[in-house]
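Dear colleague,

Please find below the structure that I am handing over to you.

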Amino acid sequence: MRLEAPAPGSAVSAVRRLASSEGKCIESSEANRADVQNQKTVLICDDEPMLRELVRASLEFGYRFAEANDGIVALELARELRPDVVILDLMLPRRGGLEVLADIRTDERLRTTPVLVVSAWPERREAALEAGADDFVTKPFDPDELKRSMEELLGME
Amino acid sequence: MTSRYRTSSVSLATRMVAASAVVALLVVAVFVGLILALSAVRNATKDEARSKDVTVATLELENLVVDVDTGLRDYSITGKPRFLASYKAARSALPERLSRLEELVAHEPGQLRRAQDLTAEIRRYLTDYADPVLRFAQTESLAAGRAATATEGKRRIDEIRARFSAFRGAEDILARARTRSAADKSEQATALGIAGLVLSALFIVVFGLYLARSIARPVREAAAGATQLAGGNFLIRLQENAPGEVGELTRAFNETAERLERARTELQHQNARLREGERLKSELVNTVSHELRTPLAGVRGFTALLLRRDFEPEVRRHYLGIVDAQARRLSELIDHFLDVRRIEEGRFELAEEVIDIAELLEDEAQLYGAQSAKHRLELDLPDAPLRVRGDPDRLRQVIGNLLSNAIKYSPQGGVVSLAAERDEESVRVQVRDEGVGIPTTQQARIFTKFFRGDMAASGITGTGLGLAVSRDIVESHGGRIGFTSAEGQGTSFWLELPGADSDGDGGPQPGNRSTEWKGEQR
C-alpha cells in the first residue's frame, strides 16, 4: 500500500532521489547527463505529494526538481539550491506561502528568483502579487497553462 | 414558591402585635401597681382616722362613766338634786355611746371582744351597782349609799378604767401595726411601679432597636440592592437572616437576582456558542472548498495530461491510478461532509439492531487485511458473541475508519491488531498500530473536523473528517472513543459501546478466536 508510488515513464524515467529525509527531495533527469549543466532547477513547494507529481508531469523534460512539503524546508532548499524558479503553494504547513515569499524577497541572493504561486484561493492573487510573486495560477490548473507560465518566467519562449 | 417562604418563623405583623401587647401589659401592670399603692395609702389613712375615732370614743365614754360615778357619789354625799341631774344626764347618754363603740370596732375581732367585755362591765356597773345604789339612797338612807360608793363604787370604777386603759393600749398597738403595714405596702407598690415603668421604657427602646435593625435596615438594603439590580449588577445579594416578611423579601430578591444572573450567563453562553457556530460554519465552508480543490486539481490535471500527451502504458496506468484515487477521495470527502452535516443538523438516524460486533470485526479485518501487503492484521476476539445495540452500517464505518487510519499512519508496515472484549456493562474494541503515532501537541485536536496534523505533509491522504464522524457515531450509540499514542511508536484507538446482552452474565469467555490475515492471502 504505497501512497507515493515512484513515477515511471519517459518524462521522469530515470529519476534520482537526492535527499528524502524530512520530506525534501531533489530529483533530476539523468537521461541527458550532458545537459545537466543547462538544466533549470525548479523548487516545488506543496504539502500534497500528488500535486507535486502533477507539476513535475506538467513540465515534462529538461528540469531538475527539488521538492519541499512545508514552508521551512522550502526556504532551506531555496537558500541551498538557489533554484531558477520556485513554484509555491500558499497553504503550507509550519510556514505559510506568503511568509516564505516574503522571506525570499528579503533574501539578498534570492531577491530576483522568479516565484510562481499556485493556490486554491483565487482571491489571494492580489496579495500574492503584492508580496512579490511573479505569476499566479489557480488550483485546479491546466498543465499546459502551468507550463506556459513557467517558460515565460524563465524566458524560454 | 410561597410555600417555600412559609417555613420562615412568625410573621412580622404578628411580632409587632405581640411586642405592642407586651408593652401594653407592662403599662397596665404599672398602673395597677400604682393604683394598689394609692389605695393602700388611703386605707391606712382611713384606719388611722378610725383608730383616732375609737380612741376619742373611749375617752368620751370613760368621761361619761366617770361623770356617772361622780354624780352618784356626790348625790349620795350631799343629796342635792343638781348632782342627781348630772348623774341622770350621763346615765342616759351611756347606752348609745356603748353601742357606738361596738360599731366602731366591729371589723376588728380582738378589739370587738374587748369592747364587748368593756360595755358588759359598764352595763353590769349600771344595773348591778349604780341603779340599785341610787334607788337605795333615794328611798332608804344617803349614808348607806355613801358607804357603798366609797367602797364598792370605787372598786368597780377602777376596774372599768383599767379596762379602758387596756383597750386603748391594744387599739394603739393595732393602729401602729396598721400604719406600718400600710407604709410597707405603699413602698412595695411604688417600687413595683417604678420597676414596671423602667422595664416598659427598656422594652420600648429594645423593640425600637429591633424594628430598626430587622426591618428598617434590611428594607433600606433591599432598596439599595434593587437600585443596583436595576443598574445591571446581578451579582448583588442581600443578607437573608431578616425575620418574617422582610426575610421573605430578601430571599425573593436574592432568588430573582440569581435567576437574572443565570439567565444572563446562559444568554452569554448561548451567544458565544452561536458565534462559535457561525465561525465554525464559515471555516467549514472554506476548508471544504479547499479540501475539494486539491483532489479536483489532481483529477483535472492528470486527465488533461492523459488527453493531450502520449505516455507509455506504464505511466498512463500510474496516472489513471492517481485520477481514480483522487476521484475516490472526492467522493469519500463528500460522504463524510454529508455525515457531518447530518449529525450537526440532528438528522443522523441510527438503526437499532442487536448485533454481534465480533462478526462485524471479523468482516472488517478480512476486508482491510487484504488491502496492504506490508501490514499483518491480527484479530483477537472472545468466543462469546459481543452483542451491542446499534446501527451495523455506522459501526462498520467506525471500525473501517480506525483500521484504515491504522494502516495509513503506519506507512512502514507492521502489525495492526484488532481486539475486542466485554466487561460487565460494555464492549470494548481496540485498534492498535505500530505506525508514526500522534505528536503530543496534536493529540488534543485529532477529533476536530478537518484537522489532519502533520499528516498532510507526510503525504498521507485523508479528509480530516473520519475521526470526527466516528466520534459522533460512537457517542450517539451511548459509547466513548479515545486513544493512546506515542510519537514514533504507534497509536492505539479504543471504543466502548454499551453491551446489549439480556442474559446478564456476559463476562469474557476463556479461549480466544485468534486469526491472522495477511495481505498476501489474497
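Ala486(B) belongs to strand E6 of chain B, which covers residues 480-486.

Chain B as a whole

Chain B contains ten helices and eight strands. Of its 522 residues, 28% count as buried. Among the contacts in chain B with a separation of 6 or more, 73% are between residues 24 or more positions apart.

Helix H2 of chain B spans residues 12-78, and Ala37(B) lies in it. Leaving aside neighbours within four places in sequence, the contacts of Ala37(B) are with Ser186(B), Ala189(B), Thr190(B) and Gly193(B). The C-alpha atoms of Ala37(B) and Lys185(B) are 6.6 Å from each other, while the two residues are 148 residues apart along the chain.

Helix H5 of chain B, residues 142-230, has 89 residues. From its first C-alpha to its last it reaches 123 Å, close to the 132 Å expected at 1.5 Å a residue. At Thr149(B), H5(B) bends by about 40°. After H5(B) comes Gly232(B), with a positive phi near 100°.

Helix H8 of chain B, residues 357-369, has 13 residues and reaches 18 Å between its first and last C-alpha atoms, close to the expected 18 Å. Which residues of H8(B) are buried? They are Ile357(B), Ala358(B), Leu360(B), Leu361(B), Glu364(B), Ala365(B), Tyr368(B) and Gly369(B). Viewed down the axis of H8(B), these buried residues fall within an arc of 155°, so they line one face of the helix.

Chain A as a whole

Chain A has five helices and seven strands. Starting at the N terminus, its elements follow the order β-β-β-α-β-α-β-α-β-α-β-α. Of the 157 residues in chain A, 43% are buried. Where contacts in chain A join residues at least 6 apart in sequence, 54% of them join residues at least 24 apart.

The nonpolar cores

In soluble globular proteins, nonpolar side chains tend to be buried together. In this model, the largest nonpolar core has 44 residues. Those with the most contacts inside it are Leu43(A), Cys45(A), Ala74(A), Val86(A), Ile87(A) and Leu88(A). Helix H1 of chain A, residues 49-59, gives the most to this core, with six residues. Apart from this core lies another, of 42 residues, which includes Leu333(B), Ala358(B), Leu395(B) and Val398(B). Ala358(B) is also one of the buried residues of H8(B).

Beyond four places in sequence, Leu88(A) is in contact with Cys45(A), Gly97(A), Val100(A), Leu101(A), Val115(A), Leu116(A), Val117(A) and Val118(A).

Backbone details in chain A

Most residues other than glycine have a negative phi, and most peptide bonds are trans. Arg82(A) has a positive phi, near 45°. Arg82(A) sits in the loop between helix H2 (71-81) and strand E5 (85-89) of chain A. With 13 other C-beta atoms within 10 Å, Arg82(A) is partly exposed. The peptide bond from Lys139(A) to Pro140(A) is cis, with omega near -10°. Pro140(A) is placed in the loop between strand E7 (135-138) and helix H5 (143-153) of chain A.

Confidence in chain A

The mean pLDDT of chain A is 78, and 75% of its residues reach 70 or more. Over residues 1-26 of chain A, pLDDT stays under 50, and the model has 62 contacts beyond four places in sequence for them. Residues 28-34 of chain A also have pLDDT below 50, with eleven contacts beyond near neighbours in sequence. Where pLDDT is low, the predicted coordinates should not be read in detail.

Yours sincerely

Technical notes:
Residues numbered from 1 in each chain as written. Chains lettered and ligands numbered in written order. Predicted model: local features only at pLDDT ≥ 70, side-chain atom pairs only at ≥ 80, totals over all residues. Helix = DSSP H or I, 4+ residues; strand = E, 2+ residues; numbered from the N terminus. Contact = placed C-beta atoms within 7 Å. Buried ≥ 20, exposed ≤ 12 C-beta atoms within 10 Å, placed from the backbone. Expected span 1.5 Å × (residues − 1). Arc of directions from axis to C-beta. Bend = angle between axes of the 7 residues up to and from the residue. Core = buried A, V, L, I, M, F, W, Y, C linked by C-beta atoms within 7 Å. pLDDT = per-residue confidence, 0-100.
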